[in-house]
Structure formats: C-alpha cells, structure tokens
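The stops below are given in the order in which they may be selected.

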Amino acid sequence: MACPAGIPQARTDLRPAVTVLSGFWPSATFAVARALLADDPTLLLVRHDLTDVRHGTVRRIVRDQTGVIEDEAITLAHGCVSCTLREDVLPTLARLARTRPGRDLMLMLPEVVEPEAVAVACAYCLLDGVPVTDLVRFDSYVTVVDAEHLLDGLGSTDDLVTLGIEAAEEDDRALADVISRQIEYADTVLLWGESPDGAYETGQLAVLLHRMAPWAVHVSAATQRRVDVTALRGQLRHTHRHRPETPGVLARGIEGYPLGVHAPLPDSGVVSAVFRARRPFHPTRLHDVLETVTGEALRSRGHLWLASQPQTAVAWEFAGGGLSLGTLGRWLVDLPPEHWIEASEQRRLAADLDWDPYYGDRSNHLVFIGLDLDPVEIHRLLAGCLLTDTELADGELEWRAYPDPFAGCFPIGDDHDPAGRQPEIAGQRPESGGQRPELESTPEGTEPQ
C-alpha cells in the first residue's frame, strides 16, 4: 500500500549489519557462531587470532557456512589490540562490505578483547577519511557467557600476564575485570549451557547476569538440548539494540545512566546493593574500610568524591579481589561555565537535573553485586566514611589539608578537562561548590566447522 501524500517513505539502510560476539570462553562463543552460520548461508564470520600479537603478527580468518574464505597472517607496526583493531579489523569489515555487498557480518572478538574497545575504535578511527559506520551498521554487541565457568571466572584473582594471554606488553588487566566488562558493555547477554551443579545454580547465574547488566537483553541457550538456530538468530541478529551514544560503564553514573539496581533481598542468593550520598568521603576513613566493604562482592563499580580532592570525580571498579580507582576528570561544578560545553550534552543534562546548591554535581554512586552480601553492613560502613556535619562546616580549605592515602593517585591533566582520561582501547585499567552554570543546548579454541 502506498504511503499517503506528503508522508515520506523510510529509506532502506543498505549497510551490512554487524553482530559483535565477545566472550572469554572460545568454545561457547564458537558454538554460537556456528549456530548462526548454520542458519544463514550469506553470513560472514570474521575473527582474529592474537596468539602472536606481541610479536607483531595476527591471523585473520573469514568464513561462511561452507568453509574458510580467507586465512591470512597480518604483520602489524605494533603488536597490540588497538593496532589490530585500527589496522586490520575495521578495514576488513569495510572491505567485505564493499566487495561482498548484501552479506551481513559477524565479528567474533578474541577472548581478551573487550567490546567497548571496538566501539571506541569506531568512534575515533577513519577509513579513507570516512567513519567505518558509514559503511557498516553495528547492530548488536553480544557477550556469550559459559555457565560452567562463569563463577570461577568472576572469582578468579589471576591476571592476564600470569595466564600468558595478555593483549599487549603492559596489559595488567585481571581475568575478572575482562569478564565483567564484556558482560557490562553488551546490549545482549547470552548464557550458554547449564551449571554442572544443577538447575538452581543455573537460575542463580541468570539472576547474577541480570544484576551485572540490567540494561541488557538476556538470552539463555542450553547445550544439552538441540539449539533452535532460527530462534537464536531472531534473538541475536537484526535487533537494532546497539546505542553508540551510551557511555562506557565507568562513566555511566556521571552521565546520568543507571549503574545498577538496588535489590537488597536475595534472589537465588544474589544481592545487588546501591549506595548513594551527596556529601564527600573522608579519605582516611574510606581507605581503612576498602578491604572490608569489598570483601564479599563479586563486582562493584561506580564513582565517588573525596573531601581532600574535591575537584576530581573518582572511578571505582572492583573485580577478582582487586579494587581499581582512577579519574573520570573534573566535576562540572569545578569548571568555569564557559567550559561546560566541553562535556557531553547528556552529562550536562544529568548535572542540571540533579544539581545541589551546595555540592553541585558531585556525588557518590556505588553498586555492589555478589552472593549473600549484607547490604545493611555495606551501607553502614560507607556511611561511616562520609564527612560529619562538623567536618562539613569546616569547609574545603580544611578538607584539602586532611591526611590523604590517595594523594597523587588521580591526576586530571588539563585544568579544564571535564572528561578525564578514557580507558585505553586495549582495555587496561584506567572533581568546589558554586553557582550552577546555565545548561548549554548544544585461548583461542578449535576453529568452528
């Protein structure tokens, strides 16, 4: 039926759709890739083997339902994941879009690569002067989680160097960090298989994944039964779930996005506790409870501010028994009004909506997720670290003089930088009151058969 006069017809997007598959357990990720290939003879799978990346060599494999189309060793100027993305992964997607039109693409990431790295590369890298997104459409970021190994991975204290699978010479990430970030950045999380301990434990894993990534669509596929590949395609492909404007997980809170859900009552033993407060933390008191407050958590993330460093938004990230603290840049209240335009529009809107006459946009927003956590005790410990009324009355000059175990840990670079240093593309770990400015509107496994 023709459209009524005066109503334009929607244009068809002719760009190939790209489904990005990530996951730390290659056997599970390969299984999903095989299922999707079996369902669509036109689908192309692109993957890169990083076994020799530190020696400057990467193996690129492109295949479809019938077999391998390309299998080539690529020599890079520098052996790292960011170079691989910039010099071969994105150019390969663009080349296939040009030379094999009408065929969708599935990009399967190596197990140590975080999907956010691909999104960052797409945002900043140009191919022949144009963004890769002019040539292909990133439809969805899917993270595949192996039910048999998830809890062991999240609880692991190993780092990638110890395991011999680091992605670059200075890649000091922990295994649990990588797994957590893969889950949290995804718009679709697929739980593959079942827990060897039974149905209750499998359900517990599903709840845990919902708590870790409440913004994602969650899908389950049991490998013990025959997988309906047509249904799986409908759940994973052409979903239009990817939103490139969504910030990275560490910056979600200050950008006004939810960091997690407050579900203090156990669901299959899983607890998610959110702590929020406007007044700052006393640096010494906070330092003294770090080990206790994170002791039972599988994952914690968010941001905070310290009385001794009131200009800095501090990123908080815990996984695998290790806590990482870094900088997210300056709080907007610490910037002259004319520099607010340098922050994203979403962040300025979030600050405007939640502005406090005394604290500005500064706040603490932390989420703790784990099994059998005590949310009351977590709140008690953190609330005890906030400045008292008497300490607040002393003012910022007095706060800055506090003994500070975190002194020098959070450099913020340029005096007017509202964004701070963003995480490296390879995934290594990585703000005083006043009038509110007006809001501007402006292991690799077996090759799949």
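Two strands pair if DSSP finds at least two bridges between them; helices (H or I, at least four residues) and strands (E, at least two) are DSSP runs, numbered from the N terminus. The model is predicted, so local features need pLDDT of at least 70 and side-chain atom pairs count only at pLDDT 80 or more, while totals for chains, interfaces and linings use all residues. Residues are numbered from 1 along each chain as its sequence is written, and side-chain values use heavy atoms, with hydrogens and water left out.

**Strand S12 and its partners**

Select residues 263-267, strand S11, and then S12, residues 270-277. S11 and S12 form a hairpin with two residues between them, and Ser-268 in the turn has a positive phi of about 55°. The two strands pair in the antiparallel sense over two bridges, with Ala-263 opposite Ser-272 in S12.

Select Leu-250, in the loop between helix H8 (229-236) and S11. Leu-250 is buried, with a relative accessible area of 15%. Its C-alpha atom is separated by 6.4 Å from that of Ala-315, 65 residues apart along the chain.

**Strand S15**

Move to Arg-330 in strand S15, residues 322-330. Is this residue buried or exposed? At 11% relative accessibility, Arg-330 counts as buried. The side chains of Arg-330 and Asp-334 are joined by a polar contact of 2.7 Å, where the term denotes a pair of N or O atoms within 3.5 Å; within protein, one must be able to donate a hydrogen and the other to accept it, and residues adjacent in sequence count only if both atoms are side-chain atoms.

**Aromatic rings**

Rings of Phe, Tyr and Trp (its six-membered ring) pair if their centres lie within 6.5 Å; planes under 30 degrees apart count as stacked, over 60 as edge-to-face and the rest as tilted. By this rule the count comes to ten aromatic pairs. Select Trp-340 and Trp-355, a tilted pair at 5.4 Å centre to centre with 50° between the planes. Both Trp-340 and Trp-355 are buried. Finally, select Trp-305, Tyr-358, Tyr-359 and Trp-399, which form one aromatic cluster.

Definitions and conventions: Buried < 20%, exposed > 50% of the residue type's maximum accessible area, 1.4 Å probe, protein only.
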